[in-house]
Amino acid sequence: MKALLMSDLYPYFCRSLEKKGYKIIPTKKINAFLEPEQRHADMQELIIQNRRFRIEECQRPVAKDYPQNVRLNCLFLGGKLYGKIDAADASVLDFCRERKIPLVHVKQGYTRCSSLVIGDNAVITADKSIAKALKADGAEVLSIQPGHIRLEGFEYGFIGGAGFFDNGTTYFFGNIKKHPDYERIKVFCAEYNSKIEILNREEQLTDIGGVVIRTE
């Protein structure tokens, strides 16, 4: 059974995924973060080559202020680690250097929040710096317009926190059909053999902090 580390502040999303056979592991409340980010999975845990990094174990200070809140908010894709490298935790950087995993610096510290990975090498993002870096390394990228994603306490959220891909399906937390780039997103997902599943069509597309997939 696969388990999903995710916020349980949206029980209707959790219930929908439990019905599909997932085990839900609620994220912890990290008081060092701003309230809207305190339960975001993509800020609490990062997995690289089966090595799990947890926010509680970070070697550098974690705080509410950016970029001290993005120590683990990196994207591991295609054998490389993308992120705001000067803000990433030392434990992550040391691990990558020991294993000769290339580090790719991008301006956007919310790297994983901003990236919805489809399959092995396709990404949807609204961030130009991430798109440029990924394209340079041969990834397929769909660039969408920013906004149109709810994140309470902020002007808007990010696409990576509003969905996830697993086993041929891209799940969205809320109604992706109301996003102005939905038709392009639908075509892009289809190109990479992914179905689209909307979790609760009555809800606005919402950045819940994404999920971290664990195999138990």
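Mentor: Lys-2 stands opposite Thr-215 in strand 14. Those two residues belong to an antiparallel pairing, in which strand 1 and strand 14 are joined by four bridges. The model is predicted, so local features need pLDDT of at least 70 and side-chain atom pairs count only at pLDDT 80 or more, while totals for chains, interfaces and linings use all residues. Residues are numbered from 1 along each chain as its sequence is written, and side-chain values use heavy atoms, with hydrogens and water left out.

Strands pair when DSSP finds at least two bridges between them; strands (E, at least two residues) and helices (H or I, at least four) are DSSP runs numbered from the N terminus. The sheet in question is open, has three strands in the order 2-1-14, and its pairing is mixed. Strand 2 (23-26) and strand 14 (212-215) are the edge strands; each has a single partner strand, so one side of each is left without a neighbour in the sheet. From one strand to the next the twist averages 30 degrees. Helix 1 (residues 11-19) packs on this sheet and touches strand 1 and strand 2, and its direction makes about 170 degrees with that of strand 1. Axes here are lines fitted to C-alpha atoms, for helices over the stretch in contact, and angles between N-to-C directions run from 0 to 180 degrees; contact means heavy atoms within 4.5 Å.

Ala-3 belongs to strand 1 (residues 2-6). Ala-3 is buried, with a relative accessible area of 0%; buried means under 20%, exposed over 50%, and partly exposed in between, with a 1.4 Å probe and protein chains only.

Now the wider chain. It has five helices and 14 strands. Its radius of gyration is 16 Å, close to the 17 Å that the globule rule gives for 216 residues, so the chain is as compact as a globular protein of that length. The radius is taken over C-alpha atoms, and the rule is 2.2 Å times the number of residues to the power 0.38. Along the principal axes, the C-alpha atoms fill a box of roughly 40 × 35 × 35 Å. Of the 216 residues, 52% count as buried. Among contacts between residues at least 6 apart in sequence, 61% join residues at least 24 apart.

A parallel pairing is found elsewhere: strand 9 (residues 122-125) and strand 10 (residues 140-143) run parallel and are joined by four bridges. Within this pair, Ile-124 has Leu-142 of strand 10 as its bridge partner. With helix 4 (residues 128-136), strand 9 and strand 10 form a right-handed β-α-β unit.

Helix 3 (90-98) is another element to inspect. Ser-91, Val-92, Leu-93, Phe-95 and Cys-96 of helix 3 are buried. The buried residues of helix 3 pack against strand 3 (45-48), strand 4, strand 6 and strand 7.

Lys-84 is buried, at a relative accessible area of 18%. Leaving out residues up to four places away in sequence, Lys-84 touches Tyr-66, Pro-67, His-105, Val-106, Lys-107, Gln-108, Gly-109 and Thr-111. Two of those residues, Tyr-66 and Pro-67, are joined by a cis peptide bond with omega of about 5 degrees. Pro-67 sits in the loop between strand 4 (51-54) and strand 5 (75-77).

Most residues other than glycine have a negative phi, and most peptide bonds are trans. Lys-100 has a positive phi of about 55 degrees although it is not a glycine. Lys-100 is in the loop between helix 3 and strand 7 (103-105), and Lys-100 is exposed, with a relative accessible area of 73%. His-148 is also not a glycine and has a positive phi, about 70 degrees. The loop between strand 10 and strand 11 (163-166) holds His-148, which is partly exposed at 42% relative accessible area.

Key
Right-handed = clockwise from strand over helix to strand, strands pointing away.
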